[in-house]
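Please keep the sequence and the model in view while reading.

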Amino acid sequence: MATLGDNIKINGDRLWDSLMEMARIGPGVAGGNNRQTLTDADKEGRELFQRWCKEAGLEMGVDKMGTMFARREGTDPEALPVYVGSHLDTQPTGGKYDGVLGVLGGLELVRTLNDLDIKTRHPIVVTNWTNEEGTRFAPAMLASGVFAGVHDLDWAYNREDAKGLKFGDELKRIGWVGEEEVGARKMKAFFELHIEQGPILEAEGKDIGVVTHGQGLWWLEVTLIGKEAHTGSTPMPMRRNAGLGMARMTELVHRIAMSHQPEAVGAIGHCDVHPNSRNVIAGKVVFTIDFRSPNQQTLDAMKARFEEEAPKIAEDLGLTMQIEVVGHFDPVSFDSGCIAAIRNAAARLGYSHRDIVSGAGHDACWVNRLYPTAMVMCPCVDGLSHNEAEDISREWACAGADVLLHAVLETAEIVE
């Protein structure tokens, strides 16, 4: 393989312009984006990405989950491709960079290779995974989950949004049902560039996060049933307050996570209170607990402790309780070879870097079950994401894309 020099870098202005142009599709109400999966805005974003890929000389393939694969040929037709990418869908109040940086950073990588007339032995494929966010159709990372064999295709097609619309029907409606069988593609490796979605890199002044692990998670949906009653005329000792039960369990979740520091987090992020009236004691509460850790033993211990202690809280308050697992994946250890390629790239380019654990789930987590995988992260302002105020600098984006470029070139093998 030819030697990689630190003078090979992406076109930062072109990458930034592409990010800003994509952000005009599905604008939010506060400067971010609302480009939820399989909406008309998602369709428009896909069409723009497709046009850019065609202009870059890439061949587009689409699988039955609507995932887009844009291929740049290598010199060896038998060599397994190196894949890069992330997702173009956003949260309802999403930012301009979550996911999008990984897709357009991959496209910029290819454009740079075209500009410099650099050939690789292995093909390079830029990927846009369908429905990574999971905000409209649960669960998150749906298409990559089907690709990895975690979910069944028919099951995915039958996922419904809040209006009862099915994933499969909406995918067909926007015209992005492909012919390829999901999971049929083989990879040499997969690299995903992403913003950190946390505050560590910015706080420490690091340019690059070398992602070594991804946190596993347990999502537990808890239903508490008490008794609705008038808030003004029901004596305190005679109340069966489901809201109080949730409050005490919120504190329990916090204590459990704190007892497993520094490698654990936990919170209640979603709740529905019934009847949700000012002067009615809550008779029913449904809420979801999110426990995460990169350590399997810690992750399972947190879940077990909650399941042991929470029923006592419910019993003391006269509540009935039900716990249902609504989401789970084990901690992820990314491939040592791919991690080394990212570290080598950051060092070669002179970017400051540190190892980091991804606190969020990503498509790379599912792909890692099948093929060597790793992630590159760049900082984001105040660690803020899933928020329209999400922000990164042009320099951070360029550094991340440069490292992605070099890691991919090391893996795809430059041809003299």
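The protein chain has 416 residues, and its radius of gyration is 23 Å; this agrees with the value near 22 Å that a compact globule of that length would have. The model is a predicted one. Along the principal axes, the C-alpha atoms of the protein chain fill a box of roughly 80 × 45 × 35 Å. The chain contains 12 helices and 17 strands. Of its 416 residues, 53% are buried. Among contacts with a separation of 6 or more, 80% are between residues 24 or more positions apart.

The surroundings of F191 illustrate how separate parts of the sequence meet. Leaving aside neighbours within four places in sequence, F191 is in contact with residues including V82, Y83, V84 and G85, with C338, A341 and I342, and with A374, L404, A407, V408 and T411.

UniProt, in an unreviewed entry, places the feature "domain: Peptidase M20 dimerisation" at residues 215-314. This span is 36% helix and 34% strand, and its end C-alpha atoms lie 29 Å apart.

Helix α9 comprises residues 296-316. From its first C-alpha to its last, this helix of 21 residues reaches 31 Å, close to the 30 Å expected at 1.5 Å a residue. At the start of α9, a side-chain oxygen of N295 comes to within 2.9 Å of the backbone nitrogen of Q297. The helix is followed by G318, whose phi is positive, near 75°. Which residues of α9 are buried? They are T298, L299, M302, K303, F306, A310, I313 and A314. The elements that cover these buried residues include helix α8 (242-258) and the strands β8 (216-225), β10 (265-274), β12 (284-293) and β13 (320-329).

The unreviewed UniProt entry places the feature "binding site" at D98, E133 and H386. These residues span 289 residues in sequence, yet no two of their C-alpha atoms are more than 9.6 Å apart, so they gather at one spot.

D98 is located in the loop between β3 (82-86) and α3 (100-116). Is D98 buried or exposed? Its relative accessibility is 5%, and D98 therefore counts as buried. Not counting residues up to four places away in sequence, D98 touches H87, D89, E133, H194, I195, Q197, S385, H386 and E390. Its side chain is joined to that of H87 by a polar contact of 3.4 Å.

H386 is placed in the loop between β16 (373-378) and α12. With a relative accessible area of 39%, H386 is partly exposed, whereas D98 is buried. Beyond residues up to four places away in sequence, H386 touches Q91, T93, D98, E133 and Q197. The side chains of H386 and D98 make a polar contact of 3.2 Å.

Methods: Residues numbered from 1 in each chain as written. Predicted model: local features only at pLDDT ≥ 70, side-chain atom pairs only at ≥ 80, totals over all residues. Heavy atoms only, no water. UniProt positions renumbered as here; feature names shortened; annotations may be inferred. Helix = DSSP H or I, 4+ residues; strand = E, 2+ residues; numbered from the N terminus. Contact = heavy atoms within 4.5 Å. Expected span 1.5 Å × (residues − 1). Buried < 20%, exposed > 50% of the residue type's maximum accessible area, 1.4 Å probe, protein only. Polar contact = N/O pair within 3.5 Å; in protein donor to acceptor, adjacent residues only side chain to side chain. Rg over C-alpha atoms; globule rule 2.2 N^0.38 Å.
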